[in-house]
Amino acid sequence: MRVPVDWLGDYVTLPEGVTGEQIAADLVAVGLEEEGVHTSGVGGPLVVGRVLEMTPEEQKNGKTINWCQVDVGAANGTGEPQGIVCGAHNFGVGDLVAVILPGGTLPTPQGPLTISARKTYGHVSAGMICSVRELGIGEDHDGILVLPRLLPEGVVAGLAPGDDLIGVLGLDRETVEVNVTPDRGYCFSVRGIAREYSHSTGAAFTDPASLAVDAGSGEGYAVRLADETPLEGVAGCDRYLARVVRDIDLTRTTPEWMARRLTEAGMRPIGLAVDVTNYVMLALGQPLHAFDLATLTGPVVVRRARPGERLTTLDDVDRPLDPEDLLITDGGERVLALAGVMGGEDGEVTPGVTTDVLIEAAHFDPRTVGRTSRRHKLSSEASKRFERGVDPDVTAAAAQLAVDLLVEHGGGTADPAITDVDQRAERAAIELDLTMPTAYVGVNYSFDRVREVLVMIGCVVFDTDDPRRVSVVAPSWRPDLTDAPTLVEEVARVDGYDKIPSVVPRAIGGRGLTHGQRARRAVATALAGQGLQEVLTYPFVGADRFDELGLAEDDPHRQAVRLANPLSDEAPLMRTALLQTLPEAVLRNVSRGNRDVALFEIDTVTHPEPDAIAPVPGVGEVPADDVLAQIRGAVPAQPWHVAVMAAGQADRAGWWGRGRPVDVVDVVGWAHAVADALGVEVRRQQSTRAPFHPGRCVDLTLPDGTRVGWAGELHPKVVQRLGLPARTSAAELDLDVLVRASDHRTQVARLSTHPVATSDVALEVPRGVRFSEVERSLREGAGTLLESLELFDVYAGDQVAQDKHSLAWRMHFRAPDRTLTTQEVNAARDAAVGRAVADHEAVQR
């Protein structure tokens, strides 16, 4: 919202010499965000010049220019006439014109233009004779500005060559621009901004809506409110006021002061009727619409759209209408406008044709207007205000102001009859505990201060039997004040946000990060310590990604949640695994030349609940407990996962030797690093699953068999379809499973100071037996004396059968309270070997 400072000064008392920056700072103090302070962009010297000579010169291109000698007084430092080339012909010798001298600046769409003396058309032009458009005070560019045509004779008579024109033409005026949040719709008017400035500074506020409003006599133009399908029980229009002005000359020019204010506020002057309605809207915040009375054949009927209806709006777009759209119609049949959004071509006011107009001032439901505006992708100045809430009490005053301006500047006559269909509900009172502001904000507000602030913002405060409680009726222009907390916010805002102390939160024992948060941080730290880079990918995929990963038709990972309004039609599903989106990050890095890449991601995946349907409650009230339970039950599970993916070299080549490519061992090691960071034991078991290479994939489980995830090398066909580097490897773990497994108390065992005893054993086992199975048997057979176990050699060759291989294990034994004897070590080793023989037909070598 742009607010010209001089217009603001009409409604609130401004200090002498106040600047736009000071006004903006005062508005920021009451919660309005400053967007900027704007000026005309014209920089001096801009002075009065009198044309002394004017010599037409025809150029080779057929264009005629004027070589002028212009008296600029002493402004050029010499007192000599200034030679200026001008292409306009609407002035003559003796005229007073606006001259900008070298060093001055003019506004342009590309930025400030600095004027300099330059050679053109065979002359050195030392300055420029300006048009209205070049000065930014109008759109006229047909000729240069001749001062008597713009300024009153009295003003012109007092001007002399060389006088400064910046102040005379109002080019020193400032405009303050503020950002209006959705809950502060009343600030979409100079009236609202003036009121906020008054709250901030205590300056006297004069309400522009406090003007004499005609009571009316007789019945005015017929109006009927016929909203038979209210939106969520709220009528689309609860007040409609119609005024008629006849015999208007709409060809008259909009007054200069009004056109200037509209321009400074960011609106382009169009014509008298439209300019008047726009001026009233900017002044009071009430959008108006003018209809050509001669085109209306029946009463104005406000109703919802019917199936199949269409409307060509003023922007020349033919729009199909929705049954929720609220319409202004002629006799209930011909559609005239989208209520509160934009008018239609039928009934449009046309200068030179229209003489009688019907002024509409109405109050429309914000939700109805907001939904219509978004449905049609049609945002107008009117819809911006209606969807944020317009003051329903200002309707009559806005219509009166528009009628007065049309009568004064258009020469019209107002009908004495006025139509005002008013079906507004009475505003409900809000019960407020006067101690609540202190409790909520942390500032000690006295009861009297709370009352004072509420009255200041326009509330009516009623006492109750309890001195600590009051009943408050919010002002009509504040539809956002609906309950006690919103009143508390107003007390804090108006009293001053700067008075609210900044208190650093105190760390309290037993609080802080949850176990899950600490665990996720530990996992991220562990993987970063392994040399991996963390990434975040968008959680949206398309169904073709499941085919690229080679998932079977019945694979549960194909059952994904479909978005109702996806960001991209190519990715309408929520991912069910991180490995569905992590390849995009790998591909992007490879395409940027980073061929050796190892990435990890910690984020959520989405698993839909079968046959779960969430009810859609209305927005007018809090849903019942059973409805909330159904909604929560239908929310899909979103567990945390961690995934890694790597390609290229694990150890880079260099002068130190050859490099080593990433393989399955690396990703399995990273998976174990994740588990180790959380203190969880994870076991491996060879597996076959998409999207991994058969025989190069392992399932990772907890000791009780709970699946944690999987790791392996991606299938060559998957790598080819995704465009990934060859031998790309990956792993994905269910982090929630690991977090739950790690959330336990561990009894720390006393460290033994006795020596360790080592014994090696080699076992021949069938090739189909997995290493992890042999390791489990050895551990179970050795008993509690076994401290650790490691596989240090695998042999397959002439000395063992073709269907077998030899596994060499190193076993470390230690007792907590004594040094083990050779007999004890041998007995534990033999027990371990015996268990392996029994379980896997192992043969000790």
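Colleague: Hi! Which element gives the largest share of the lining of the largest cavity?
Modeller: That is helix 5 (residues 190-201), which supplies three residues of the lining. Keep in mind that we are looking at a predicted model.

Colleague: Got it. How much space lies in that largest cavity?
Modeller: About 120 Å³. The lining is made of 15 residues, and the closest to the centre of this cavity are Y186, S189, L284, G285 and D391.

Colleague: And how does the lining of the largest cavity divide by class?
Modeller: There are six nonpolar, five polar and four charged residues in the lining of the largest cavity.

Colleague: How many cavities of 30 Å³ or more are there?
Modeller: Two. The second largest cavity holds about 40 Å³ of space.

Colleague: Which residues line the second largest cavity?
Modeller: The residues are L527, V642, V644, V667, W670, A671, V674, A731 and L733. By class, this lining has nine nonpolar residues, with no polar and no charged ones.

Colleague: What does H672 touch?
Modeller: Leaving aside residues up to four places away in sequence, H672 touches V682 and R684. With R684 there is also a polar contact between the two side chains, at 3.0 Å.

Colleague: Speaking of charge, how many salt bridges does a search of the whole structure find?
Modeller: It finds 70 salt bridges. As background, side chains of opposite charge can pair when their charged atoms come close.

Colleague: Can you walk me through one? What does E232 pair with?
Modeller: E232 forms a salt bridge with R371, and their closest N and O atoms are 3.0 Å apart. The pair links distant parts of the chain: E232 is in the loop between strand 13 (223-225) and strand 14, R371 is in helix 8, and 139 residues separate them.

Colleague: How accessible are E232 and R371?
Modeller: E232 is partly exposed, with a relative accessible area of 37%. R371 counts as partly exposed too, at 31% relative accessibility.

Colleague: What about D415, which residue forms a salt bridge with it?
Modeller: That would be R246, with the closest N and O atoms 3.0 Å apart. D415 is in the loop between strand 23 (413-414) and strand 24 (419-422), while R246 is in strand 14, so this pair ties together parts 169 residues apart in sequence. R246 is partly exposed, its relative accessible area being 33%.

Colleague: One more. Which residue does R835 bridge to?
Modeller: To E780, with the closest N and O atoms 2.8 Å apart. R835 is in helix 22 (residues 822-840) and E780 in helix 21 (residues 771-782), 55 residues apart, and the pair links distant parts of the chain. R835 is partly exposed, at a relative accessible area of 33%, and E780 is partly exposed at 44%.

Colleague: Last topic, helix 6. Which of its residues are buried?
Modeller: In helix 6 (residues 256-264), M258, A259, R260, R261, L262 and E264 are buried.

Colleague: And what covers them?
Modeller: The cover for the buried residues of helix 6 includes strand 1 (2-4), helix 1 (5-11), strand 12 (175-179), helix 7 (272-284) and helix 10 (395-410). Look just after helix 6 as well, where G266 takes a positive phi of about 95°.

Key. Residues are numbered from 1 along each chain as its sequence is written. This is a predicted model: local features need pLDDT of at least 70, side-chain atom pairs count only at pLDDT 80 or more; totals for chains, interfaces and linings use all residues. Side-chain values use heavy atoms; hydrogens and water are left out. Buried means under 20% relative accessible area, exposed over 50%, partly exposed in between (1.4 Å probe, protein chains only). Helices (H or I, at least four residues) and strands (E, at least two) are DSSP runs, numbered from the N terminus. Contact means heavy atoms within 4.5 Å. A salt bridge is a side-chain nitrogen of Lys or Arg within 4 Å of a carboxyl oxygen of Asp or Glu. On a 1 Å grid over the protein atoms alone, a cavity is a set of points where a 1.4 Å probe fits but cannot get out, and a pocket is an open set with protein on both sides within 12 Å along at least five of seven lines; lining residues have an atom within 4 Å of a point. Grid points are joined across faces, edges and corners, and a volume is the space filled by probe spheres set on the points. Ala, Val, Leu, Ile, Met, Phe, Trp, Tyr, Cys and Pro count as nonpolar, Asp, Glu, Lys and Arg as charged, and the others, Gly among them, as polar. A polar contact is a pair of N or O atoms within 3.5 Å; within protein, one must be able to donate a hydrogen and the other to accept it, and residues adjacent in sequence count only if both atoms are side-chain atoms.
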